Amino acid sequence: MGRVKIKGAKNACLPMMAASLLTPESVVLEDVPELEDVRTMSRLLKALGVEIFRDRKNERIVLNSRRLITSTAPFGPVRRMRASFLVMGPLLAREGHSRVSFPGGCAIGTRPIDLHLKGLELMGAQFTMDEGYIEAETPCLHGATVYLDYPSVGATENILMAAVLARGTTVIENAAAEPEVVDLANFLNSLGARIIGAGTPLIRVEGVTSLKGGRYRVIPDRIEAGTFMIAAAITGGDIILENVISEHLTAVIAKLQETGTLVEEPQKGMLRVRSRGRPVPVDIKTLPYPGFPTDLQPQFMALLSLAFGTSVISETVFEKRFMHVAEMARMGAKIRIEERTAIVTGQPLLQGAAVRAPDLRGGAALVLSALAARGISEIRGVEHIRRGYSRLIGRLRSLGGRVYLLPS
Ligand code: UD1
């Protein structure tokens, strides 16, 4: 039986890094994974004048935003990673001005930013667009009631961060309730912010005049945990995951159990996942938290491509998140796409093939398919996978997977 320790959550530490812009004092984040996206955020913050010290051995990062040199977030990092847009709210709150390039990131849909802008506008920001940049200005941010048409994670976080230093009370209605939003709120509260209701659709923020520094440990990455759980299920494995919060994985655990996989919590913070052979087909619908996470849809599809029967996967969060399907077909998966639905006809086995990771989670799904497939697979586009998984290959190998990194 293999064991794997889950790292800190990428999607929790990226907004926290951006939130360090809100205080002139030092912030220490612990359990920060060694990821390309973390490096991109560091590069962006350094360009703004943030001093960053990275203690790799202890997965710790120290940020100090005492002296900012600009409030313009350059095109390079923002293009590479959508989460870069999270500097908009904090910069605006701290400097009264921010200029951020239109965001990039995984090509999984149009991914607009209208909700971010709507919220900040209600709080007193004025926007202009020029040369691919969005410029925001305000003499003073004030509290407002912001109803989000969709519980966007990024919009909730941007508005939340701006609201912390705004004058008066901000209420975010239909807010995202993802554990990463809660972790951001807990982190900000530890610095002196006054946020209540994070984790529910109604968040209330009483603005304060300043934040202090502090030290904070990031929650474990539920998407990384889910990926390893599916890896065990797809390979007929039996593994133990350490450093997990099972409450963050309820939908994933329920769906894995429906496929016939055994999932137990031998002790708090630990999960044991055991395959019981070929999975039973199940239907999946991705939804905002606590629904099934879109970030595990491709990996779960890999598992279902080996089920004995047909499964239906509805992707309701991102409209184009089926880019991995064409690559999985090269391995013999039988998947038909109808708009936002994938009909997966399980096959008795997959065949190794040369494939290309189309995006971060799609790339993870290909790795899992390749582990289960007969024969050798060659996966290109590993840089996508590196954005969100730290040492995935080495850790899969320590669990018994035969996977190697080829020199590029
Ligand atoms: C975050 C996660 C990402 C995850 C996603 C959904 C980070 C760094 N990334 O991304 O891994 O897949 O949540 O759980 O935390 N939308 C709008 N207008 C907006 C903002 C979003 O229409 O202003 C739409 C998007 O196009 C998408 C949906 O809302 O269809 C969800 O997006 P959102 O929750 O904002 O995702 P991100 O914060 O980008």
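How much area do domain 1 and domain 2 bury between them, and what share of it is on carbon and sulfur atoms?

1. Domain 1 and domain 2 bury about 1,800 Å² between them, 54% of it on carbon and sulfur atoms; buried area is the accessible area (1.4 Å probe) that two parts lose on being put together, summed over both. This is a predicted model, in which local features need pLDDT of at least 70 and side-chain atom pairs count only at pLDDT 80 or more, while totals for chains, interfaces and linings use all residues. Residues are numbered from 1 along each chain as its sequence is written, and side-chain values use heavy atoms, with hydrogens and water left out.

2. The domain assignment, from an automatic or database source, gives domain 1 (9-209) and domain 2 (222-398). The contact (heavy atoms within 4.5 Å) takes 22 residues from domain 1 and 21 residues from domain 2.

3. Two salt bridges are counted between the domains, a salt bridge being a side-chain nitrogen of Lys or Arg within 4 Å of a carboxyl oxygen of Asp or Glu. Glu180 and Arg222 form a salt bridge with their closest N and O atoms 2.8 Å apart.

4. The structure as a whole holds 27 salt bridges. In one of them, Glu224 pairs with Arg395 at 2.8 Å between the closest N and O atoms. Glu224 lies in helix α8 (residues 222-234) and Arg395 in helix α14 (residues 392-398), so the pair ties together parts 171 residues apart in sequence; helices are DSSP runs (H or I, at least four residues), numbered from the N terminus. Glu224 is buried at 3% relative accessibility, and Arg395 is buried at 5%, where buried means under 20% relative accessible area (1.4 Å probe, protein chains only).

Methods:
Helix = DSSP H or I, 4+ residues; strand = E, 2+ residues; numbered from the N terminus. Buried < 20%, exposed > 50% of the residue type's maximum accessible area, 1.4 Å probe, protein only.
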